[in-house]
Amino acid sequence: MGEKYQALRQRLETVHNLNMAGGVLNWDRETAMPPKGDGARARQLATLARLSHEIFTSQETARLIEDARSEINGAAYESNEASLIRVAQRDYDQLTRLPTEFVAELTRITALAHNVWAEARATSNFVTFQPMLEQIMDLMVEGASCLGYKEHPYDALLNQYDEGMTTSLVRTIFEAHRPALVDLIAAVRAAPQVDDSFLHQDFDIEKQRQFGLKMTEAFGYDYQRGIQEVSVHPFCTHFSSNDVRITTRFDPKFIGSALFGFFHETGHAMYEQGIAQDLDDNILAGGTSLSVHESQSRMWENIVGRSKEYWSWALPQLQEYFPQLKGIGLDEFHRAINTVRNSFIRVEADEATYNLHIILRFEIEQELVAGKLAPKDVRDAWNSRFEQFFGMTPPNDAQGVLQDVHWSAGLVGYFPTYALGNLLSVQYYNQALKAHPNIPNEFAQGKFDTLLGWLNTNIHQYGRKYTTEELTQRVTGETIQSNAYMTYLKDKYTEVYGL
Ligand code: ZN
């Protein structure tokens, strides 16, 4: 490659290395740092973020992108060179459209808002959070107009988390499956409830950890290039494809929390480990989008990790770790880990109710951003929609409108990626199944490399080269849609609840 392209590559590598170094400091903060280290750590992180931002958004970077583009003129769209320039241009446009004063003000307000939200949630009083929400929504509207959009200001916000995603596309996808979800949940509610009480008893934490490590290693998470630690909120982070880390939260009274958390984060981790080595040192290293990332975590957590085939192999092993589960049959266990319960809280939601929680947030967010709903009316809007979707009203604000941290952090437009990830997980999995119909039978033998190999080849290796839409078209020949997901849910719950 030519000189100019190399110069751009080097500059972007510097930015990438600063960001990855910030990631290491973050990892340490979440897993090891003593509480009083927080002040200094915040300053260190801010320094790295400022350096990275200054280098990336300078005129020099714009010039290098321009020069490299004319130098590689004619390189194939999917080549590393053309992809690096394309993604650099996209990131550059996003980051330079927001004025520095705006970014500083948003940082200041969200830092204040976090504590106000935490206090409001603790006392379950929406009214105390309302002034903050008003300021944050004003900033979101201002940010959207700086970033630019074609149809709806919410497009600009969505685009930050999933390049090219639009409000109208998300609305079409959500409206296509909302009625069927509501019906499915009503049918489940009318059926006799499943007994899952045996999942709630004493489970030794070290044994939970050992079992989680054993299972995720079998899935294909390479622990020579990864590590597992404990944290308050489970997450996955990476510094290169050879250093991808996950955390777990353990509950000594419930086996499901750590177990499915392990599977979930492992799905994220195997995505990062599967990115092509020649993308490793630069800004293409990382998942396509939050939606595609979530498709990978949900696939291993739910499609593999809650399947009967997998547990026909894993349950006897779990029973060796936890003899209190001996005597529980495969069908009984499978039903228990697939229980559907209407819950007020999104993060506790099962596969059937999860997307409804997201659709509710999506509708409220886009009305807020469009000025159709005032922040002071959000609580009422939340409660009446919840009643309409789930047939029950949150008993208080903490279990309703105040439950999520996202708005206080200025993360508006983020929620839809969770639901889109669920839909994509089934769309991608069905393609893997078409290519290798024996995959579920392999789970029953503790063999997962056919599925993982297919994901490596068709999704993981490309890193950030393609957008969600481009990747989904390549892999499935269609756009994101909900039919496959609804079929998957209906089949599962027909069996579990004998609908
Ligand atoms: Zn996730």
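Q: What spacing do the donors of the zinc ion follow along the chain?
A: In this predicted model, the spacing of the zinc donors along the chain is H-x3-H-x25-E.

Q: Which protein atoms are these donors, and how far from the zinc ion do they lie?
A: The protein donors are His 264 through NE2, His 268 through NE2 and Glu 294 through OE. They lie 2.2 to 2.4 Å from the zinc ion.

Q: Where in the chain are His 264 and Glu 294?
A: His 264 belongs to helix H10 (residues 255-273), and Glu 294 belongs to helix H11 (residues 290-304). The two are 30 residues apart, and the pair links distant parts of the chain.

Q: Turning to the domains, which ones does the assignment give?
A: The assignment gives domain 1 (3-135) and domain 2 (167-201 + 273-309 + 324-497). Their C-alpha centres are 27 Å apart.

Q: How many residues does each domain bring to the contact?
A: Domain 1 brings 29 residues, and domain 2 brings 29 residues.

Q: How much area do the two bury between them?
A: Domain 1 and domain 2 bury about 2,600 Å², with 58% of it on carbon and sulfur atoms.

Q: How many salt bridges cross that interface?
A: The rule finds 2 salt bridges across the interface of domain 1 and domain 2. Elsewhere in the list of contacts, 15 residue pairs across this interface are in polar contact, both residues being at pLDDT 80 or more.

Q: Which helices supply the side of domain 1 that touches domain 2?
A: Helices H1 (3-31), H4 (80-97), H5 (100-122) and H6 (126-147) each supply at least two residues. The largest share, 8 residues, comes from H4.

Q: How do the residues on that side divide by type?
A: On the side of domain 1 that touches domain 2, 12 residues are nonpolar, 9 are polar and 8 are charged.

Notes
Residues numbered from 1 in each chain as written. Predicted model: local features only at pLDDT ≥ 70, side-chain atom pairs only at ≥ 80, totals over all residues. Heavy atoms only, no water. Domains from an automatic or database assignment. Contact = heavy atoms within 4.5 Å. Buried area = accessible area lost by both parts, 1.4 Å probe. Salt bridge = Lys/Arg side-chain N within 4 Å of Asp/Glu carboxyl O. Polar contact = N/O pair within 3.5 Å; in protein donor to acceptor, adjacent residues only side chain to side chain. Helix = DSSP H or I, 4+ residues; strand = E, 2+ residues; numbered from the N terminus. Nonpolar A, V, L, I, M, F, W, Y, C, P; charged D, E, K, R; others polar. Donors = N, O, S within 2.8 Å, 3.2 Å for Na, K, Ca; no water.
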